[in-house]
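Hello,

I am handing over the structure we discussed. Please open it before you read on.

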Amino acid sequence: MALVRTVTDAGVTTMTLDSPANRNALSTPLMRELLDALSEAVTDTSVRAVVLTHTGKVFCSGADLKETAEARENGRVPAEMIADVLAALWEFPKPVVARVAGPARAGGLGLIAAADIAVCAREATFAFSEVRLGVIPAVISATVLPRLSPRAAAELYLTGDVFDGSRAAEAGLVTAAVAAGDLDDTVRRYCDSLVLGGPLALAGAKQLLRRTPIRAELAELAARSAGYFKSAEGREGVAALREKRPASWVPAAPGSGG
Ligand SMILES: CC(C)(COP(=O)([O-])OP(=O)([O-])OC[C@H]1O[C@@H](n2cnc3c(N)ncnc32)[C@H](O)[C@@H]1OP(=O)([O-])[O-])[C@@H](O)C(=O)NCCC(=O)NCCSC(=O)C[C@@](C)(O)CC(=O)[O-]
């Protein structure tokens, strides 16, 4: 069964994350399907814009923590593939609109920030939960930081606190936070406008907006992220979340994580 469903209508391809059992976690199969869908949409000239959305209540719960725990034993972590997904979205030559009806955490916020326009329900909740897991918002920072002020980034990255759609809009993480009943109409209105633009001009305008290349930076950040996932702190944080208990941190010298 597909984990990413795609439907194209009137020039707009809707890519729907459809893995509600793990709250649309960024598993390897889901990311592979998303990367395939994006590369097909690049070459399909009938596609003028993409909407990235979700089934179920949750937009995306970030890195697949079950897979992370298993993969780590084999010396792998998912950060590299998350970096590929973020780069593919960031460099995508057509407008991308994120439609966010429910929560996003950590890596899920990276997807939202990588979209050109993001509309969320006011009640949707968000968190950069990485530090609570003993890891860092490394790969996602490449797409998130250009959207945030240094003050907002410090507050949200370091506290790991949950915040709502209105705060996400105020911080610049989403374009608009609207009543849940207005979400679809708002997304449709953006898409109606986006398909009026010339395709080459839209691609050119996106290049101006994304002038700084991020692939090399992402490779370095993926290595940094992997270090924290493999550290004692990262192991304890992920285990604690999965076992639904508070993490028990063992004090270590700063810098020994990555
Ligand atoms: C999203 C809510 C709020 C929904 O909250 P909820 O709807 O109440 O769901 P839940 O918490 O009851 O979870 C439902 C099921 O989804 C699973 N689940 C849930 N999340 C994940 C996940 N990520 N990976 C794998 N499985 C997940 C969870 O384990 C459970 O499975 P069950 O026990 O029924 O078998 C809640 O589930 C939650 O807080 N999840 C954890 C989110 C989180 O802390 N994510 C951090 C990921 S780390 C990351 O993304 C790192 C990265 C990429 O940023 C690093 C970098 O940038 O370098």
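Predicted model: local features only at pLDDT ≥ 70, side-chain atom pairs only at ≥ 80, totals over all residues.

Ligand first. The shell around the ligand has 27 residues, and Ser61, Gly62, Ala106, Gly107 and Ser225 come nearest. Helices H2 (65-73), H3 (79-90) and H5 (138-144) each give two or more residues to that shell. H5 has the largest share, with three residues. By class, the shell splits into 15 nonpolar, six polar and six charged residues.

Next, helix H8, residues 183-194. Its twelve residues should span 16 Å at 1.5 Å a residue, and the end C-alpha atoms are 17 Å apart, so the two agree. Leu183, Val187, Tyr190, Cys191 and Leu194 are the buried residues of H8. Down the helix axis they fall within an arc of 100°, so they line one face of H8. An α-helix has 3.6 residues a turn, so residues three or four places apart point the same way. The buried residues of H8 pack against strands E2 (12-17), E3 (49-54), E4 (96-100), E6 (117-121) and E9 (176-178). Asp185, Arg189 and Ser193 are exposed, on the face turned away from the buried side of H8.

Last, Ile136. Ile136 sits in the loop between strand E7 (125-127) and H5. Is Ile136 buried or exposed? Ile136 is buried, because 21 other C-beta atoms lie within 10 Å and the cut-off for buried is 20 or more. Beyond its neighbours within four places in sequence, Ile136 contacts Glu130, Val131, Arg224, Ser225 and Tyr228. Ser225 is also one of the residues that come nearest the ligand.

Best wishes

Terms used
Residues numbered from 1 in each chain as written. Near = placed C-beta within 6 Å. Helix = DSSP H or I, 4+ residues; strand = E, 2+ residues; numbered from the N terminus. Nonpolar A, V, L, I, M, F, W, Y, C, P; charged D, E, K, R; others polar. Expected span 1.5 Å × (residues − 1). Buried ≥ 20, exposed ≤ 12 C-beta atoms within 10 Å, placed from the backbone. Arc of directions from axis to C-beta. Contact = placed C-beta atoms within 7 Å.
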